[in-house]
Amino acid sequence: MVNEQIVNEFMAKVQWSAGIDSVSGALAKPTKSGHHNCEKMLLGTHRVAATTSDTCNRVYIRRKVERSTDPSAKELRIRSRFTEVGAAVRQRAKDLMQINADQAAFLAQRDTAGGKKTMKAYLWKVCGDAYDEQHGA
């Protein structure tokens with residue numbers, strides 16, 4: 001009980017305006033371009049676990065961090081794969097010749113074990129598998 005009182009004395013309380021129940025994610029963050037650059041990131045979280053406490057909101061401040069090392073070859077491959085698969089997903093989602101077949105295949109796998117629950121997740125899987133097969137991954 002004493003420890004809980006001490007912790008509560010030093011923890012900031014967050015009270016949101018009317019109509020805002022909770023906030024989760026970056027509220028303000030530094031930009032890469034330097035335009036309106038702020039030095040710190042303001043991050044809000046909302047805990048939804050069962051608890052007796054009604055203070056489930058937290059706000060954290062994180063200083064801007066500069067990367068100290070160059071990206072590794074593996075990281076560059078991962079970035080390249082993400083870029084190419086993302087482009088393939090966008091292109092395939094607009095391809096009128098494949099939309100009906102993709103929708104039918106998506107619906108067929110959606111309710112199976114390991115099936116993707118959204119069309120976008122399904123397209124990422126299909127295009128990712130195609131990329132991996134093409135690049136021998």
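Helix 3 buries Asp 102, Phe 106 and Gln 109, where buried means under 20% relative accessible area, exposed means over 50%, and partly exposed is in between (1.4 Å probe, protein chains only). Looking down the axis of helix 3, those buried residues sit within an arc of 75°, so they line one face of the helix; the arc is taken over the directions from the helix axis to the C-beta atoms. Keep in mind that this is a predicted model: local features need pLDDT of at least 70 and side-chain atom pairs count only at pLDDT 80 or more, while totals for chains, interfaces and linings use all residues. Residues are numbered from 1 along each chain as its sequence is written, and side-chain values use heavy atoms, with hydrogens and water left out.

**Helix 3, the rest of the picture**

- Helix 3 covers residues 99-110, twelve residues, and reaches 16 Å from its first C-alpha to its last, close to the 16 Å expected at 1.5 Å a residue; the expected span is 1.5 Å times one less than the number of residues.
- Helices (H or I, at least four residues) and strands (E, at least two) are DSSP runs, numbered from the N terminus.
- An α-helix has 3.6 residues a turn, so residues three or four places apart point the same way.
- On the face turned away from the buried side, helix 3 carries the exposed residues Asn 100, Ala 101 and Ala 108.
- The buried residues of helix 3 pack against helix 2 (73-94) and helix 4 (119-135).

- Asp 102 lies in helix 3 and counts as buried, at 4% relative accessibility.
- Leaving aside residues up to four places away in sequence, Asp 102 touches Arg 92, Met 119, Tyr 122 and Leu 123, a contact being heavy atoms within 4.5 Å.
- Gln 103 also belongs to helix 3, but Gln 103 is partly exposed, with a relative accessible area of 40%.
- Gln 103 and Tyr 122 are 19 residues apart in sequence and 9.6 Å apart in space, C-alpha to C-alpha.

**The nonpolar core**

- The largest nonpolar core has seven residues in all: Val 85, Val 89, Phe 106, Tyr 122, Leu 123, Cys 127 and Tyr 131.
- Helix 2 and helix 4 each supply at least two residues of this core, and helix 4 gives the most, with four residues.
- A nonpolar core here is a set of buried Ala, Val, Leu, Ile, Met, Phe, Trp, Tyr and Cys residues joined through side-chain atoms within 4.5 Å.
- Val 85 touches Trp 124, Cys 127, Gly 128 and Tyr 131, not counting residues up to four places away in sequence.

**Helix 4**

- Helix 4 has 17 residues and reaches 24 Å from first C-alpha to last, close to the 24 Å expected at 1.5 Å a residue.
- Its buried residues are Tyr 122, Leu 123, Cys 127, Gly 128 and Tyr 131, and what covers them includes helix 2 and helix 3.
- After helix 4 comes Gly 136, whose phi is positive, near 65°.

**The whole chain**

- The secondary structure comes to four helices and three strands, running α-β-β-β-α-α-α from the N terminus on.
- Of the 137 residues of the chain, 12% count as buried.
- Among contacts between residues at least 6 apart in sequence, 34% join residues at least 24 apart.
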